[in-house]
Every structure is written in structure tokens, then in C-alpha cells.
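Here are some notes to read beside the model.

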Amino acid sequence: MTDPMAPETIQRLQAGIPTALAMLAGMQLEVFTHLAAGPRRSTELAASLGVDEERLSRLLYALVIAELLEYRDDGFANRPEAARFLVKGQPGYIGGMHELLSQLWHADMLTAKSIRSGHPAALHDYAAVSDEEMAAMLRGMHPSAVSAAQDFMRHFDFSQCRSVVDIGGGSGGLVATLCAAHPGLQGTLFDLPRTASLAAPILKETPGGDRVSIEHGDIVRASPRGEHDAVVLRALVQVLSRDAAARAIANAARALRAGGTIYIAGGGILDDDRLAPRAAVFLNVTFMNLYPAGASYTESQHREWLAAAGCGPLRRVTLPSGGGIIAARKLG
């Protein structure tokens, strides 16, 4: 008797992995940037990249199948999406995220080990990273911070804000971009001393960065100085334990004036049933491999922490990427 069931889901999941890894290799080699001026044959492109043509051509054909390149009579060329987002110098460039993607995907390969050991198998130990490596990470994540600011401005009105604090803001790209779009806004980047110091030269190069001051601090332990109209915690709550997340939110709220808004953003905001958004469900697995206590947290957990910090009601926006933004006002 013929078995009517086929491993279709398994095969579909397996088929997606090579495509993503081909994209990653193209980003690492800067293939898309080298095709920015137009189609090039594999021999010419290999010479420009300083690599073996036969090996490169294998990747180029894979990128055609991945729908990032197209093959023409005059050579390989970027498709519109690759031209917009994977070419250095373009406003929407996200190709610099290849280092982060490589780290995240490597971590995901160690999920079973993390579960068996009870410890993160790909622990992010920033103390062991050199200043050069840390600065490269900040620059790699900078375009996503700038892009996040655009998401904020599409969904929230900052026109009446006079001051905003970007807590754990890394490169400062988010707060600088907000300042660039709002001439009356003054920004503060609040981060650990080493990170904040390495972010300073990036801020100088970023539009709006001249109106961002830098304050050293640890939000789990203390609040930023002064009172502000808005505070932002992006991709921060999700790397903390439950207790540390509650303290961070409480300390952030203390830096708000009454009526000011706290924003919590990131990929780790879950529906209460923990089955959506899809990206947050899978990031919850990734966090287990990277952080001792980081996790995707539910909307209800965020609501509870915000209420304890004197903030509400909660408004949540889910972005097309699956990431989210939660906003609440400080009461009183």
C-alpha cells in the first residue's frame, strides 16, 4: 500500500537554508556593491573582488536562483531589491548586517547543545571582544538603527518632543535620525561606557548626531539624568532576565516627565499565546543560545512591567518584519 504522506514540510525547511547562506556569502563578499554600476561577467567580477572566477561563478548562479541577481547576455546584474538594500552607499543599505546574521545563524546551529547543557552555547561575551571588533559590530548594526528610527516616525509623532533618550542605543543611529528629522529635538545616547565611547565617531558621521549627547550608564542599575519627553529601549529588554527587564523599564520611566512616552522595541515581543509573530518565536530560541537569561517576552509581561513603572495604557505596533514597538505614557 502506498503511503500518501510525503515529507513536504521537512523538505521545504531544508530548501530554505542554502538560499539564505548564499545571500550571506554575497553580502560578505560585497558582490552586490560591485554590481552597482551594471551587469558584469563573472571573470570581470572575480578580478574586481580578487577571488577565483570558477568558485565565484557557482555562488553567482545560486544568487540568481535566490532571486537576488539576474543573468543576462552581458553578465550578472542586481535585481531591484538587491540594488536597493545590498549596495553600499544606498539609503536603504542593510548589507552591513552580515556579521550579525553570521553570529545569529551560527548560534541557531547550537540550539540542541544549549538545551542539553542548560547554558548558552554561543554566549555573547562582549568583554572578550576587542575594541576594533566591537566598533565593527556597531557600524554593522548602524543601518538597522537608522531604519528603526524610520519605523518609529511612521507610527508615532515626535513633533512635540524636546528631548529623547536612546537607552542601550549602540551606535546612536536611532536617536540621531530622530534629531535630524526634528530640528527642535535634543537627543541623548545612554549606554555602557565602552559602547558609548566607541559610538562617538559614528555619531559624528550621522545626520543629527551633532545634537546627541552621550551619557554613560547601566539602565539596570540607574536612570539617565534629568526628565525627558521620550525614552527608547530598542533590542534591549529582550536580552535581559525578567527581573532585570523590570528594573530597566522602571529606571527608564523615572527619566520621563509626566505624560512622556516610553518606547520598547525589538524582535522579541510575543503575542500572549507565544505563537506569533513568527520572527519573535524563532528569536526566542536564538536568545537562549546567546544570553544567560534573554528571551522574547509577551505583550502581557510588558504591560505588567510598564504598569509597575507607572506607565500606561499600552499601545503595540507589529512591523512587517515581525518586530514590534510598544508605547506607553507615564501617568501622573
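1. A crossing is left-handed if the near helix is turned anticlockwise from the far one by less than a right angle, and right-handed if clockwise. Helices are DSSP runs of H or I with at least four residues, strands are runs of E with at least two, and both are numbered from the N terminus. By that rule, α1 passes α6 in a left-handed crossing.

2. The model is predicted: local features need pLDDT of at least 70, side-chain atom pairs count only at pLDDT 80 or more, and totals for chains, interfaces and linings use all residues. Residues are numbered from 1 along each chain as its sequence is written, and side-chain values use heavy atoms, without hydrogens and water.

3. Helix α1 spans residues 8-29 and helix α6 residues 98-108. Their axes come within 9 Å and cross at roughly 145°. Axes are lines fitted to C-alpha atoms, for helices over the stretch in contact; angles run from 0 to 180 degrees between N-to-C directions.

4. Which residues of α6 meet α1? They are H98, L101, S102 and W105. From α1 come A20, L21, M23, L24, M27 and Q28. Contact means heavy atoms within 4.5 Å. This contact of α1 with α6 has 7 nonpolar, 3 polar and no charged residues. Ala, Val, Leu, Ile, Met, Phe, Trp, Tyr, Cys and Pro count as nonpolar, Asp, Glu, Lys and Arg as charged, the others, Gly among them, as polar.

5. Domain 1 covers 8-93 and domain 2 covers 102-330. These bounds come from an automatic or database domain assignment. The domain centres, taken over C-alpha atoms, lie 31 Å apart.
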